[in-house]
Amino acid sequence: GLPMPDVQVAIRDRDGQDLQVGEIGQIWVKTPALMKEYWHDEKRTREFISDGWVATGDAGHMDEDGYLWFSSRIRNIIIHDGDNIFPSAVEREIASHPGISEVVVVGIPDRVHGECVGAAIIIHEGVELNMPDFRQFLRENLTETKIPSHILVVGKYPLTKAGKADRDAVKALLINDIAGTSA
């Protein structure tokens with residue numbers, strides 16, 4: 001959406017340089033109501049606050065009409081061979097399969113690529129998912145680097161206190177499943 005009155009928004013690269021319309025980077029905001037510092041945490045203050053601006057930890061872009069588009073939490077971005085993969089984009093495609101009720105996508109450590117895509121899925125009740133057909137669906141709807149290298153079918157996800165999927169716990173489930181161990 002559009003920024004609120006008295007809120008300035010900038011999209012910046014890793015070096016803090018402003019990006020052009022349509023380019024994805026970190027969302028920074030500046031407002032008269034901005035906090036001054038992190039309480040007793042100089043390191044985080046230096047990392048996230050600069051010249052009255054605060055780094056949100058979110059990735060996104062501005063469009064030509066001034067609308068702000070959210071892509072992902074920066075810490076959730078999967079970096080595969082130097083390319084940024086946004087979990088939300090992969091989740092949307094996987095969730096469009098008629099057999100999938102819910103999906104969480106996370107980065108799985110990979111010695112060759114840095115990270116690969118991992119997915120934990122919940123299948124709609126009463127549906128039997130044919131995995132070869134599902135993998136074909138993924139090949140038809142995702143680029144090769146976005147296709148999960150590992151898929152784990154779960155009945156439910158570990159949740160945060162806020163009731164959202166706990167991505168760190170889901171990542172641990174996937175890693176343990178790959179290793180053949182239980183969480």
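What percentage of the 183 residues in the chain is buried? Buried residues make up 35% of them. The legends below refer to a predicted model.

**Figure 1. Overview of the chain, with four helices and 10 strands.** Starting at the N terminus, the order of elements is β-β-α-β-β-β-β-β-α-β-β-α-β-α. The C-alpha trace spans about 55 × 40 × 35 Å along its principal axes. Of the contacts between residues at least 6 apart in sequence, 51% link residues at least 24 apart.

Figure 2. Strand β1 covers residues 8–12 and includes arginine 12. Arginine 12 has a relative accessible area of 13%, and because buried means under 20%, this residue counts as buried. Its side chain makes a polar contact of 3.0 Å with the side chain of aspartate 18. The charged end of arginine 12 also sits over the ring of tryptophan 53, at 4.7 Å from the ring centre. With residues up to four places away in sequence left out, arginine 12 touches Gln17, Asp18, Leu19, Gly25, Gln26, Trp28 and Trp53.

**Figure 3. Valine 21 in the loop between β1 and β2.** Strand β2 comprises residues 25–30. The relative accessibility of valine 21 is 53%, and the limit for exposed is over 50%, so valine 21 counts as exposed. Apart from neighbours within four places in sequence, valine 21 is in contact with Met62, Asp63 and Glu64. Alanine 55 is 34 residues away from valine 21 along the chain, and the C-alpha atoms of the two are separated by 18 Å.

**Figure 4. Arginine 44 over the face of tyrosine 38.** The distance from arginine 44 to the centre of the tyrosine 38 ring is 4.3 Å.

**Figure 5. The hairpin of strands β8 and β9.** Strand β8 runs over residues 100–110 and strand β9 over residues 114–123. Three residues lie between the two strands. The pairing is antiparallel and comprises 10 bridges. Within this pairing, valine 106 stands opposite glycine 118 of β9. In a regular strand, side chains alternate between the two faces of the sheet.

Figure 6. The structure holds two aromatic pairs. In the pair formed by phenylalanine 134 and phenylalanine 137, the ring centres are 6.4 Å apart and the planes lie at 10 degrees, so the pair is stacked. The cut-off for a stacked pair is planes under 30 degrees apart. Helix α3 spans residues 131–141, and because phenylalanine 134 and phenylalanine 137 are three residues apart in this helix, about one helical turn separates them. Both phenylalanine 134 and phenylalanine 137 are buried.

**Figure 7. Helix α4 and its two ends.** Helix α4 is made of 13 residues, 167–179. From the first C-alpha to the last, α4 reaches 18 Å, close to the 18 Å expected at 1.5 Å a residue. Just after α4 comes glycine 180, with a positive phi of about 80 degrees.

Technical notes: Residues are numbered from 1 along each chain as its sequence is written. This is a predicted model: local features need pLDDT of at least 70, side-chain atom pairs count only at pLDDT 80 or more; totals for chains, interfaces and linings use all residues. Side-chain values use heavy atoms; hydrogens and water are left out. Two strands pair if DSSP finds at least two bridges between them. Buried means under 20% relative accessible area, exposed over 50%, partly exposed in between (1.4 Å probe, protein chains only). A polar contact is a pair of N or O atoms within 3.5 Å; within protein, one must be able to donate a hydrogen and the other to accept it, and residues adjacent in sequence count only if both atoms are side-chain atoms. Contact means heavy atoms within 4.5 Å. The expected span of a helix is 1.5 Å times one less than its number of residues. Rings of Phe, Tyr and Trp (its six-membered ring) pair if their centres lie within 6.5 Å; planes under 30 degrees apart count as stacked, over 60 as edge-to-face and the rest as tilted. A charge sits over a ring if NZ of Lys or CZ of Arg is within 6 Å of the ring centre and within 35 degrees of the ring normal.
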